[in-house]
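I opened the model and kept notes on what I looked up. The entries follow in the order I made them.

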Amino acid sequence: MSNPKAPFVGVIAHHPGPCPVQGHGDAFHHATVELGLPATEYFRFSGIRSCAKQAGGLCSFWMGGRLALYQINNRPLLDDEYLAASTEANHELFGGFLGSLHISDPRRAHKRRVVEQALGSQRFIDGLKPEIFRLAGAYLRPLQNLPLCMEQLAMQWVSHVDSHLPGVLDCRVKTLAQYLEDDRFKGVVSGFFEQASKVISHDDAQGLEQQPALMPFVKDLLLSNFESIGVAPSSNLILGHFALWGLAFTRQAIAQLSQDQALEIGTIIIATYDTTALSLLWSMAYIETSPRVKREIILAATNDSDHAPHVIDLAVMEALRLGGSNPTALWRRTIKACEIEHGGQRLVIPADTLLWLDRWQANRDPQVFPRPEVFDPGNILVLQKSGDQPHAFCTSLLARNRYDINSFSMLNTRRNPRKCPGRLFSVQMQGLLLRELYGHYEVSSTGIDLSLRRYCAMPKPARSGVMTLRLKEGGHADEQHP
Ligand code: HEM
């Protein structure tokens with residue numbers, strides 16, 4: 001039985017919602033699941049957003065029978081230990097993935113290390129740069145003068161490069177780009193995070209149906225690429241997981257993987273390319289629709305400018321602010337009572353409260369960004385602090401204790417211990433791909449619509465547009481695909 005009353009009178013503003021019994025529960029479900037609206041849109045037109053805005057960035061509401069708080073800034077409210085694991089609500093999809101373990105679980109450290117020692121290491125990424133350029137360039141060359149769906153281009157390009165990079169996935173025999181075109185697997189390979197996001201952003205438990213398809217994909221991928229993974233450098237994420245499980249990488253061990261193990265490695269593999277690809281799509285779409293920024297980027301990419309911070313890196317961060325690849329709004333659940341501070345007062349939030357962060361709105365906070373709704377690398381420059389080194393500024397923005405932009409955490413918890421361990425790799429990979437694209441090609445595009453696509457829990461442009469590439473004079477035309 002729900003409670004229609006305002007729970008924190010005089011401390012947190014309350015939005016009652018359309019129903020005296022269910023609050024916002026039914027209306028939210030109707031808007032997101034039936035009408036296909038992004039969660040942030042519901043919060044806007046329902047009035048919750050302006051309620052929070054007038055009350056310092058936070059308000060309460062009832063989501064059916066459950067008490068919920070709605071936040072529209074990136075201020076960390078609490079420590080992670082008060083919250084259920086990030087992927088608790090859809091853990092069936094993720095198997096042994098670390099996101100489904102409570103922050104105090106001792107298994108998390110080793111699991112994070114497998115990803116962080118490679119993708120979180122600047123040295124490792126620096127070592128990959130020549131190979132990223134080579135693979136990225138070779139992939140684009142045959143695509144000149146063809147109309148390219150930008151969404152497919154981003155997905156195919158990133159998954160191709162990720163598949164070939166030594167010490168990352170090493171799926172060179174049958175690449176992820178090939179799986180994305182394989183009728184048996186393309187549904188799960190391209191839709192996995194979309195399904196998972198429906199559970200936490202759209203309150204749509206049907207997302208959980210996807211899980212059985214992941215297991216056959218993982219086994220097929222590992223067996224098909226057995227030879228290339230078997231001889232990969234030890235930083236390889238798949239070998240790292242076999243070591244973590246105490247298994248030798250053999251065909252027999254692959255055949256006998258438990259469901260938990262298969263889903264865990266499947267999640268990691270898909271996380272590697274799917275999230276970067278969607279972020280890259282936003283980067284390209286914003287650059288293509290912002291003539292001034294595009295001109296600056298072409299200049300910087302063509303002259304291989306060393307000006308720090310580099311405008312391409314700023315543009316990647318700016319596109320992560322406005323777009324990114326994490327739902328527009330999502331929740332995590334408190335598992336015990338905890339104290340938070342709001343408007344100079346302290347109050348206790350009970351266990352089983354849903355904490356909603358509208359990151360779409362928080363990333364457009366007018367108190368932080370001078371031109372909150374506009375794609376402008378200047379919005380990122382204002383975040384520079386006196387101690388930030390110009391060359392490493394974008395990296396310092398990604399630190400765990402920086403909360404300026406939310407794209408790599410579900411909620412902003414203090415010191416963000418779950419902040420994505422793949423973020424450095426992903427951001428720098430995008431920068432390198434954009435240097436290749438704008439440094440060697442004349443790029444034109446049509447049909448981009450940056451408003452949010454309906455019936456998508458992951459944020460996607462309503463129309464991602466069509467891109468055409470023409471090799472610039474003096475571009476490298478004769479190399480082949482790897
Ligand atoms: C633009 C690209 C990416 C975005 C936007 C992104 C976003 C996120 C987000 C929002 C989380 C949830 C953190 C939390 O629970 O609060 C996360 C966690 C995670 N991401 Fe990423 N990610 C990206 C790229 C990657 C890549 C390339 C990998 C490589 C394997 C990766 C692996 C992970 C892992 C393992 C976690 C779980 C961390 C933990 O629970 O401690 N991500 N990511």
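I began with Leu 257, which counts as buried because its relative accessibility is 4% (buried is under 20% relative accessible area, exposed over 50%, partly exposed in between, with a 1.4 Å probe and protein chains only). This is a predicted model, in which local features need pLDDT of at least 70 and side-chain atom pairs count only at pLDDT 80 or more, while totals for chains, interfaces and linings use all residues. Residues are numbered from 1 along each chain as its sequence is written, and side-chain values use heavy atoms, with hydrogens and water left out.

Leu 257 sits in the loop between helix 13 (251-255) and helix 14 (259-288). I took helices (H or I, at least four residues) and strands (E, at least two) as DSSP runs, numbered from the N terminus. For contacts I used heavy atoms within 4.5 Å. Not counting residues up to four places away in sequence, Leu 257 touches Met 215, Lys 219, Leu 222, Phe 242, Trp 245, Leu 247 and Ala 262. From Leu 257 to Leu 247 the separation is 10 residues in sequence and 9.6 Å in space, C-alpha to C-alpha.

Next I looked at Ser 159, in helix 7 (residues 150-164). Its relative accessibility is 0%, so Ser 159 is buried. Which backbone oxygens does the side chain of Ser 159 reach? A polar atom of that side chain lies 2.7 Å from the backbone oxygen of Met 155, and the backbone oxygen of Gln 156 is reached at 3.2 Å. Leaving aside neighbours within four places in sequence, Ser 159 is in contact with Leu 176, Ala 177, Leu 180 and Tyr 273.

Then the cysteines. I searched the whole structure for disulfides (pairs of cysteine sulfur atoms within 2.5 Å) and found 0. Cys 171 is in no disulfide, and the nearest cysteine sulfur, that of Cys 420, is 19 Å away. Cys 394 is in no disulfide either, with the sulfur of Cys 420 as the nearest cysteine sulfur, 16 Å away. Cys 171 is buried at 0% relative accessibility, and Cys 394 is buried with a relative accessible area of 10%.

What does Cys 420 do at the ligand? Its SG is the single donor from the protein to the iron atom of the ligand, 2.3 Å away. I counted as donors N, O and S atoms within 2.8 Å of the metal (3.2 Å for Na, K and Ca); water is not among the atoms, so sites may look incomplete. Cys 420 lies in the loop between helix 19 (393-397) and helix 20 (423-440).

I turned to the strands, where two strands pair if DSSP finds at least two bridges between them. An open sheet of 5 strands has the order 1-2-3-8-5, with mixed pairing. Strand 1 (13-14) and strand 5 (329-333) are at the edges, each with a single partner strand, so one side of each has no neighbour in the sheet. Strand 3 (residues 66-71) pairs with strand 8 (residues 354-358) in the parallel sense over 4 bridges, and Gln 71 has Leu 357 in strand 8 as its bridge partner.

My last entry is strand 10 (residues 461-471), which runs antiparallel to strand 4 (residues 148-149) and is joined to it by 2 bridges. Leu 148 stands opposite Met 467 in strand 10. Strand 9 (residues 441-452) is also antiparallel to strand 10, with 9 bridges, and Asp 449 has Arg 463 as its bridge partner there.

Notes:
A polar contact is a pair of N or O atoms within 3.5 Å; within protein, one must be able to donate a hydrogen and the other to accept it, and residues adjacent in sequence count only if both atoms are side-chain atoms.
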